[in-house]
Amino acid sequence: MRNFLLSIFLLCVTQYSFAQCASCTPNNFGCTVFGGLCNKADTGMANQPYSTVIHFYLPKKLTDPATIASCSNCSYVKLNHIKISGLTGLPAGVSQYTFNHTQAPWLGYYDVSLNDTLGCVTICGTPLAPGIYPIQVNLIADVVAIGTPIGDVDPGPQAKTYTDTIIVLPDTSGAVSSF
């Protein structure tokens, strides 16, 4: 009985110690002037520990043609704040993610108006099955359209999504990969 309880305790400690992903430090390598994701998620292998860091850039002025076309002839869109509300579509077994902010890394809040323009998120876990997984980054943006024919316009919080892909290869480590 004592061995059984010790095994359960060790399992709980192991699960708790791997409950959070490692923190990341943002950089702008690979970022475009228009903002968005700077790199792609790494390829993983089923039944093997997985960890990847995705960097992103949040410019104060959004000037890409698609954004300008959606704001009724504005000069640019001013980005004030971003709140990343979550990631969906992660492979089974990969359910942890941590943002770079140390105060509350799970919140994913970036105050772009105060030069908080670079960020990163670490995604980790152990994918259970091979496949191509389209992940979606869901966010809410506080923006203002500058220079419209009727003046500056604050449309309120705007929901936006970005999509990336995680590729999980079959387990080739020599063990049985799945049943």
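Let's start with a charged residue on the inside: Asp111 is buried but forms no salt bridge. Its nearest side chain of opposite charge belongs to Lys60, 8.7 Å away. A salt bridge would need a side-chain nitrogen of Lys or Arg within 4 Å of a carboxyl oxygen of Asp or Glu, so Lys60, at 8.7 Å, does not qualify as a partner for Asp111. Keep in mind that you are looking at a predicted model.

What does the side chain of Asp111 make a polar contact with? The partner is the side chain of His81, at 3.1 Å. Leaving aside residues up to four places away in sequence, Asp111 touches Asn80, His81 and Asp116.

Now zoom out to the strands. Asp111 sits in strand E7, which covers residues 109-111. E7 runs antiparallel to E5, and 3 bridges join the two. Strand E5 itself spans residues 76-88, and it also pairs with E4 (residues 61-62) and with E9 (residues 131-148). Here are these pairings side by side, each with one example of residues that face each other as bridge partners:

| Strand paired with E5 | Direction | Bridges | Example pair |
|---|---|---|---|
| E7 | antiparallel | 3 bridges | Ile82 and Tyr110 |
| E9 | antiparallel | 11 bridges | Val77 and Ala145 |

Then go to Val77, whose bridge partner in E9 is Ala145.

How values were computed:
Residues numbered from 1 in each chain as written. Predicted model: local features only at pLDDT ≥ 70, side-chain atom pairs only at ≥ 80, totals over all residues. Heavy atoms only, no water. Helix = DSSP H or I, 4+ residues; strand = E, 2+ residues; numbered from the N terminus. Buried < 20%, exposed > 50% of the residue type's maximum accessible area, 1.4 Å probe, protein only. Lys, Arg positive; Asp, Glu negative; His and termini not counted. Polar contact = N/O pair within 3.5 Å; in protein donor to acceptor, adjacent residues only side chain to side chain. Contact = heavy atoms within 4.5 Å. Pairing = 2+ DSSP bridges.
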